[in-house]
Amino acid sequence: MEYRQLGKSGLKVSEIALGSWLTYGKTVEDTTAEDCIRLAYEKGINFFDTANVYEQGQAEKVLGKVLKEYDRDKVVVATKVYFPMGDCPNDRGLSRKHIIEQCDRSLQRLGMDYVDLYQCHRFDSSVPLEETIMALEDLIKQGKVLYTGVSEWSAAQIEKAQGIIERKDYHKMISNQPVYNLLQRYIEKEVLPVSESHGMGQIVFSPLAQGVLTGKYKPNADIPKDSRAANKEIGRFVDRYMDNETLEAVQKLDSIADQLDLSLVQLSLAWILRQPGVSSAIIGASKPSQIEENVQASGIKLSQDVLDEIDKVLEEI
Ligand code: NDP
């Protein structure tokens, strides 16, 4: 496993991180989830992402239980705040009240004294940005949070927040967590350059397009039973990638990988990691064997010819 600095911060994270959305505390048995987290650690993954809202805290509990087996200083733990945790008006968003209360709840569930990275899961236009930023700075000063970041914020929102932080001489936010994969590249235009100008690294989610970039879903074919797309409760999240045109392009990308003696998973993750602005790709895994396969992408470099060939396939979608 290779490691990168998270943005311009001093924090070093594995190129492949392990996340827990839709998996741990939900569709994956706890014992399997625990095996996945242990294997990830053994394979050199030091970076674990979760959120308060993932199964209303269950994902944090599963992760915290296993990570207790390791020295706290060996792992980098990221969680998030924003999405509703209850029905009351203050049970959501980025108000000072919700941020401070939810940070304590996340720490309790994780069984930790601090999180390494605390992220605003989305932008909250109903709260003054200064209020959010001051609450995050207070958590840093209290030692409950070491670094802060955001998720799916636009370039303009990042610019505005970092401007306030600079003027107040607060700790700069070090990361953004957007979706980024061969089939979703919107961040390249603005988010990446603006983030880089503020020293922020991207820690990207759904790097395998929720499993589509493993090649397991074929055009005009049945959906494999044991897959996210086949799951009645969560299959809808994969729908955006499941049209025949996209699946045919994925088959072509699989052929490119084949010619290079790589798996499509390796090609897809190496393609993401070609971006110097990306610090880590957060994979999900429903089985330990997926972690075994996915970590092998770390360190693979793709030539410019291969990148051009990939672009040609993507332009056709
Ligand atoms: P991926 O694109 O890596 O998809 C993960 C799923 O793909 C797995 O659960 C598994 O599903 C399948 N898969 C992965 N590897 C393999 C393999 N080698 N062979 C076959 N199937 C495989 O990422 P996710 O969409 O799960 O997102 C990853 C993490 O990113 C989340 O856990 C979360 O931490 C974060 N995230 C953050 C968001 C945000 O708003 N900030 C939003 C979404 C995610 P299966 O076996 O069930 O088919």
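Strand 10 (278-283) and helix 9 (288-294) each give at least two residues to the shell around the ligand; helices (H or I, at least four residues) and strands (E, at least two) are DSSP runs, numbered from the N terminus. Helix 9 supplies the largest share of that shell, three residues. This is a predicted model, in which local features need pLDDT of at least 70 and side-chain atom pairs count only at pLDDT 80 or more, while totals for chains, interfaces and linings use all residues. Residues are numbered from 1 along each chain as its sequence is written.

Of the 29 residues around the ligand, those that come nearest are Gly19, Phe205, Leu208, Gly211 and Gly284; a residue is near a molecule if its C-beta atom, placed from the backbone, lies within 6 Å of it. The shell divides into nine nonpolar residues, 15 polar and five charged. Here Ala, Val, Leu, Ile, Met, Phe, Trp, Tyr, Cys and Pro count as nonpolar, Asp, Glu, Lys and Arg as charged, and the others, Gly among them, as polar.

Now let's turn to helix 1. Its buried residues are Ala33, Cys36, Ile37, Ala40 and Tyr41 (20 or more other C-beta atoms within 10 Å of a residue's own; exposed means 12 or fewer). Seen down the helix axis, they fall within an arc of 130 degrees, taken from the directions from the axis to the C-beta atoms, so they line one face of helix 1. They pack against strand 3 (16-18), helix 2 (58-67) and helix 9, with contact meaning C-beta atoms within 7 Å. The face turned away from this buried side carries the exposed residues Thr31 and Glu42. After helix 1 comes glycine 44, with a positive phi near 100 degrees.

How values were computed: Two residues are in contact if their C-beta atoms, placed from the backbone, lie within 7 Å.
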